[in-house]
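Could you keep the model open while you read through my points?

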Amino acid sequence: MAEKNGLEGRVAFVTGAGSGMGRETALALGRAGCVVAVTDLNGDNANKVAREIGNSARGYALDVTDARAVDDAVATAERDLGPIDCLATFAGIYQVKKAEDITDADWARMFAVQMNGTFHACRAALRGMVKRKAGAIVTTSSIHALRGQADAAHYAAAKGAILSFTKSIAREKATLGIRANSIGPGPIDTPMWRDGLSGAKLEEAKSGRSKIIPMGRLGEAHEIAPMVVFLLSPAASYITGQCIVLDGGELMSA
C-alpha cells in the first residue's frame, strides 16, 4: 500500500539506485506511489530494483560521468514514464588515500563521479523542471563536506562541492517552484562503506567506527531513505537549500 504523502503518481529519477542508500530510496519512493526511473552503472542491478518496485518502474544502465548518456537517460525516462518531478542523486565512489598520495587521476575520477555526476543529473532534470516551474531535488553530500576527512581529502572536497552546488540551485530556482536540498550521511553500512570487507575484519571495522558515534552504531541505508522521500515530497514545501545530517550524532561530537 502506498504511503500517502503527496507523491502518488509523480515520476522520480534516482542515480546510484542499484544498491545501498540509492536502492532503499528508490524502493521507498515506489512505496510512496512514485513511478521510479532506477539508474545505476550496473544495469542488471537497476533492473532488479525496478522489478522489486513494480508500479511501472524502469531500470536503466547509466554512467553518470558521461554527460550525453545522462541527457539521453533523462530523455528516455521522460518518454517512458513522464516528466520528471523528483531527482535523487546517489551515484558515488570512495577512496582512502593520504592527501600527498592522491594522484591527478584519483582526483579527476572522484570529481567525475561525485560532482560531475551530480551536475549532469541535475542539469538534465532541471531543463524540464524549469519549463514546468516545479520540481524537487535531493543530492547526497556527507558529514565530511562539513568537517573534512583525513585520508580522503578528495572525497570530502567533492562532497563539499556538491553541497555548494545544491545550495546554488536552491537559491537560483526558488522563485520557479523548484527546491534543492542535500543529505549529509555519516557512516552508513552499505556495500561502498564495506569496501569488500567481510567476517571478522568487517566487524572490527564497524566496531572501531561505532566508538566515535554517540548512538554507538553505523546507520542503515533504510534509515536514510525516509528523509529523502520527505524532502522530495510536498510535506517539505518550505524547505530548500539545506543539508540534513543523518549521522547518529557523530558531527555533534567531532
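Below are some numbered notes on the sheet, its central strands, the cores and the cysteines.

1. Ground rules. This is a predicted model, where local features need pLDDT of at least 70, side-chain atom pairs count only at pLDDT 80 or more, and totals for chains, interfaces and linings use all residues. Residues are numbered from 1 along each chain as its sequence is written, and side-chain values use heavy atoms, with hydrogens and water left out.

2. The sheet. An open sheet is built from 7 strands in the order β3-β2-β1-β4-β5-β6-β7, with parallel pairing. Because β3 (58–61) and β7 (243–246) are at the edges with a single partner strand each, one side of each has no neighbour in the sheet. From one strand to the next the twist averages 15°. Strands (E, at least two residues) and helices (H or I, at least four) are DSSP runs numbered from the N terminus, and two strands pair if DSSP finds at least two bridges between them. Axes are lines fitted to C-alpha atoms, for helices over the stretch in contact, with angles from 0 to 180 degrees between N-to-C directions.

3. Neighbours of β5. On one side, β4 (residues 86–89) runs parallel to β5 and is joined to it by 4 bridges; here Cys86 stands opposite Ala136. The parallel pairing of β5 with β6 (residues 178–185) has 6 bridges, and Val138 has Asn181 as its bridge partner in β6.

4. The cores. Which residues touch the most other members of the largest nonpolar core? They are Leu29, Val36, Val38, Ile53, Ile183, Val228 and Leu232, out of 34 residues in that core. α9 gives the largest share, 7 residues. Apart from this core lies another, of 26 residues, including Val74 and Ile137. A nonpolar core is a set of buried Ala, Val, Leu, Ile, Met, Phe, Trp, Tyr and Cys residues joined through side-chain atoms within 4.5 Å.

5. Gly82. This glycine is found in the loop between α3 and β4, and its 14% relative accessibility makes Gly82 count as buried. Leaving out residues up to four places away in sequence, Gly82 touches Val11 and Ala77 (contact means heavy atoms within 4.5 Å). The C-alpha atoms of Gly82 and Val11 are separated by 6.6 Å, although these residues are 71 apart along the chain.

6. Cysteines. How many disulfides are there? The count is 0, where a disulfide is a pair of cysteine sulfur atoms within 2.5 Å. For Cys86, the closest cysteine sulfur is that of Cys34 at 5.1 Å, too far for a bond. Cys86 is also buried, at a relative accessible area of 1%. Cys243 is in no disulfide either, with the nearest cysteine sulfur, in Cys122, 14 Å away.

Note on methods:
Buried < 20%, exposed > 50% of the residue type's maximum accessible area, 1.4 Å probe, protein only.
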